[in-house]
Amino acid sequence: MCTLGNIKLVTYALSLVNEVFQFAWPHRSALLDLLRSDLPLQCARSKTLERSEHKDNFENITMSNYQLIYFPLRGRGQATRYLFVDNGIDYKEENCAQDWIKTYKPKMPFGQSPLLKDGDFEVAQSNTIMRHLGRKHGLYPSDLQEAAKADMITDHVEDIRGPYVRMIYQNYENGKDDFVKTLPEKLGYIENLFKKWGTEYITTKISFADYILFDLLDTLQILTPTCIDALPTLKAFYDRMASRPNLKKYRETEEFKKMPVNGNGKQ
Ligand SMILES: N[C@@H](CCC(=O)N[C@@H](CS)C(=O)NCC(=O)O)C(=O)O
């Protein structure tokens, strides 16, 4: 029977449904992720993220489900592993070495790895992966000038890594000495900036770029162990990074120690 009371009840129920819908629709993908996810794990992740140092960029509910697809070597994947490990962020790794050409390469956005899967979203280009994770986990400076510092060191590292990779894969025997000779000048620029900026990390708080620089310095010291000895500020930075508890523990594992630096056995 259609009474006034019933009509009011139905109208009220409909307005309630409407409100729930209005709230839920903009968050639909996050809510779906949450429903699909392992809730206790999400809580554990949030706790680790609260410790993140760039609080202003902090994203306290992570729906992320990370998978790093890369070769079993340090190469261009190591800085990402450092970022994950140091910040207690859960991730899985998929080794793409087997059947690279047939199975993996055609699926890569630029035909190369690493590739980060952030849920269904795919991110290629190692430094873009680092910036993406930086922005998500409070490791990308919110201040414009600080962000520019992190970006400029990242680009300078790339200016060193490019020739390093070419030397390693194309001209190791004849090119190593010439490459090593370029390092005092190139690393000296970073030393000067560190002195000028006067911070313990590239910016006032640790950012994605520190892991990129740390990995480069590590790689270069394997090639030429004394390359930062005459650069005290850079050396102090390297030691500071290496003694961060999570990184220290990870770097003592057999998994890390066994990992080749490059894909052709040269280092
Ligand atoms: N600019 C790219 C370079 C990626 C790159 O050189 N990847 C290499 C491994 S480190 C690769 O996929 N090599 C296999 C191929 O090119 O088929 C990045 O930074 O991610």
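The model is predicted, so local features need pLDDT of at least 70, side-chain atom pairs count only at pLDDT 80 or more, and totals for chains, interfaces and linings use all residues. Residues are numbered from 1 along each chain as its sequence is written, and side-chain values use heavy atoms, with hydrogens and water left out. The protein has 12 helices and four strands. Helices (H or I, at least four residues) and strands (E, at least two) are DSSP runs, numbered from the N terminus.

**Overall picture**

- Of the 267 residues in the protein, 44% are buried. Buried means under 20% relative accessible area, exposed means over 50%, and partly exposed lies in between (1.4 Å probe, protein chains only).
- Contacts are heavy atoms within 4.5 Å. Among contacts between residues at least 6 apart in sequence, 69% join residues at least 24 apart.

**Helix α9 and D210**

- Helix α9 spans residues 208–223. Its 16 residues reach 24 Å from first C-alpha to last, close to the 22 Å expected at 1.5 Å a residue. The expected span is 1.5 Å times one less than the number of residues.
- The helix is mostly covered, with 15 of its 16 residues buried.
- D210 belongs to α9. This residue is buried yet has no salt bridge. The nearest side chain of opposite charge is R244, 7.8 Å away. Charge here counts Lys and Arg as positive and Asp and Glu as negative; His and the chain ends are not counted.
- A polar atom of the D210 side chain lies 2.9 Å from the backbone nitrogen of I202.
- Beyond neighbours within four places in sequence, D210 is in contact with Y201, I202, K205, F237 and M241.

**Salt bridges**

- The structure holds 14 salt bridges. Each is a side-chain nitrogen of Lys or Arg within 4 Å of a carboxyl oxygen of Asp or Glu.
- One of them pairs R74 with D218 at 3.2 Å, N to O. R74 sits in the loop between β1 (66–70) and α4 (78–86) and D218 in helix α9, so the pair ties together parts that are 144 residues apart in sequence. R74 is buried at 9% relative accessibility, and D218 is buried at 7%.
- K235 and D239 also meet in a salt bridge, at 3.2 Å, N to O. Both lie in helix α10 (residues 232–242), four residues apart, about one turn of the helix. K235 is partly exposed at 28% relative accessible area, and D239 is partly exposed at 36%.
- K248 bridges to E252, with the closest N and O atoms 3.1 Å apart. K248 is partly exposed at 41%, and E252 is partly exposed at 46%.
- Salt bridges that share partners join R74, D218 and R251 into one network.

- Helix α7 (residues 144–170) has 27 residues. From first C-alpha to last, α7 reaches 38 Å, close to the 39 Å expected at 1.5 Å a residue.
- At the start of α7, a side-chain oxygen of D143 comes within 3.1 Å of the backbone nitrogen of Q145.
- T154 lies in α7 and is buried at 1% relative accessibility. Apart from neighbours within four places in sequence, T154 is in contact with N127, R131, F208, A209 and I212.
- K257 lies in helix α12 (residues 254–258). At 51% relative accessibility, K257 counts as exposed.

**Hairpin and loops**

- Strands β3 (residues 115–118) and β4 (residues 121–124) run antiparallel, joined by four bridges. Pairing requires at least two bridges found by DSSP.
- K117 has E122 in β4 as its bridge partner.
- Two residues lie between the strands of this hairpin, where G119 takes a positive phi near 65°.
- A cis peptide bond joins S113 and P114, with omega about 15°. P114 is in the loop between α5 (100–104) and β3.
- D99, a residue other than glycine, has a positive phi near 65°. D99 lies in the loop between β2 (91–95) and α5 and is partly exposed at 45%.
- Q125, also other than glycine, has a positive phi near 75°. Q125 lies in the loop between β4 and α6 (126–136) and is partly exposed at 46%.

Key
A polar contact is a pair of N or O atoms within 3.5 Å; within protein, one must be able to donate a hydrogen and the other to accept it, and residues adjacent in sequence count only if both atoms are side-chain atoms.
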